[in-house]
Amino acid sequence: MALRFRNTYTRQKEDFRSIVPGKARMYTCGPTVYDYAHIGNFRTYMFEDLLRRYLKYKGYEVVQVMNLTDIDDKTIRGSQAEGVPLHEYTARYIKAFFDDLDSLGMERAEVYPRATEHIPEMVGIIKKLLDKGAAYEIDGNYYYKISTFSAYGKLSNLDMEGLKPGARIATDEYEKDSASDFALWKAWESDDGDVFWETELGKGRPGWHIECSAMSMKYLGEHFDIHTGGVDNIFPHHENEIAQSEGATGEKFVNYWLHSEHLIVEGRKMAKSLGNYYTLHDLLDKGYSGVAVRYLLIASHYRQQLNFTFQGLESAANALERYNDFISNL
């Protein structure tokens with residue numbers, strides 16, 4: 001029986017056919033390392049771990065790339081608030097992320113590229129977009145011109161009718177009703193402090209979206225099999241990835257887009273302001289095991305919203321205890 005995926009891009013279930021027979025190339029959006037990853041993040045990473053394992057079980061050689069976003073608005077502000085260099089600030093959260101992967105029993109991807117180590121690749125893509133008329137510069141800032149990409153909005157089912165021509169947005173994250181030409185490269189401002197690169201584009205730093213295009217295509221090629229993430233990545237991040245990648249190369253970027261649904265806590269959106277925001281270490285400190293958390297996070301279908309409750313976590317821990325007792329008594 002053929003392996004089938006629900007492709008976010010086509011909104012249909014499709015048989016999986018890898019570009020290279022027997023080899024599955026997969027890119028997964030990794031953490032922005034400005035804080036400790038929370039259990040909602042790990043719900044998505046767990047789905048991707050399960051997908052990776054199943055592809056291997058089906059006989060595929062898997063090449064997985066998971067990025068580490070160590071330069072963006074949040075990481076800069078966080079490092080400045082603590083008065084430490086950006087690389088020192090992000091190193092703490094990168095180490096914590098890998099410790100958490102081990103606690104949850106997750107397999108490691110083949111490559112974990114860091115955005116700060118791939119600036120030349122990002123600049124190269126932006127230069128291609130400029131040459132093709134798909135990008136433009138204003139006061140040292142470079143923007144992608146979404147009107148040049150006819151398929152813009154297809155992934156997120158965006159209605160393009162009401163978009164204002166020429167509108168621009170500099171922030172990395174925004175809602176559909178703010179869809180505009182987005183930032184590829186941000187000119188240095190005094191608020192950025194010592195975080196900048198001197199490039200052919202000028203003094204500045206990359207926008208968030210260009211980072212994943214550069215890193216995925218460097219390690220997987222300009223056209224690869226699977227791209228995954230949470231539903232919150234669909235717009236604007238993945239929509240913008242498609243536009244800038246295909247705008248630069250002229251060919252299809254990704255064949256299958258897979259997205260996991262949100263995790264909520266006790267029926268409510270998880271938020272620090274609500275006091276229901278949990279990292280893995282918060283749960284480990286309460287005496288729960290990483291295996292119990294893993295069991296709970298994979299207990300529901302990845303495209304269904306997962307309602308995290310401590311009662312559910314207790315049930316997961318008890319179920320694992322029964323399994324272990326059964327096995328030990330064999």
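Biologist: How far apart do the C-alpha centres of domain 1 and domain 2 lie?

Modeller: This is a predicted model, so to speak of local features we need pLDDT of at least 70, side-chain atom pairs count only at pLDDT 80 or more, and totals for chains, interfaces and linings use all residues. Residues are numbered from 1 along each chain as its sequence is written, and side-chain values use heavy atoms, leaving out hydrogens and water. An automatic or database assignment sets the domain bounds, giving domain 1 (4-133 + 153-163 + 208-260) and domain 2 (263-329). Their C-alpha centres are separated by 25 Å.

Biologist: What area is buried between domain 1 and domain 2?

Modeller: Contact (heavy atoms within 4.5 Å) links 22 residues of domain 1 with 24 of domain 2. Buried area is the accessible area (1.4 Å probe) that two parts lose on being put together, summed over both. Carbon and sulfur atoms give 63% of it here, and the total is about 1900 Å².

Biologist: Which three residues supply 39% of the area that domain 1 buries against domain 2?

Modeller: No other three residues of domain 1 supply more. They are Ile39, Arg43 and Leu104.

Biologist: Which residue forms a salt bridge with Asp49?

Modeller: A salt bridge needs a side-chain nitrogen of Lys or Arg within 4 Å of a carboxyl oxygen of Asp or Glu. The rule finds two across the interface of domain 1 and domain 2. For Asp49, the closest N and O atoms are 2.7 Å apart, and the partner is Arg294.
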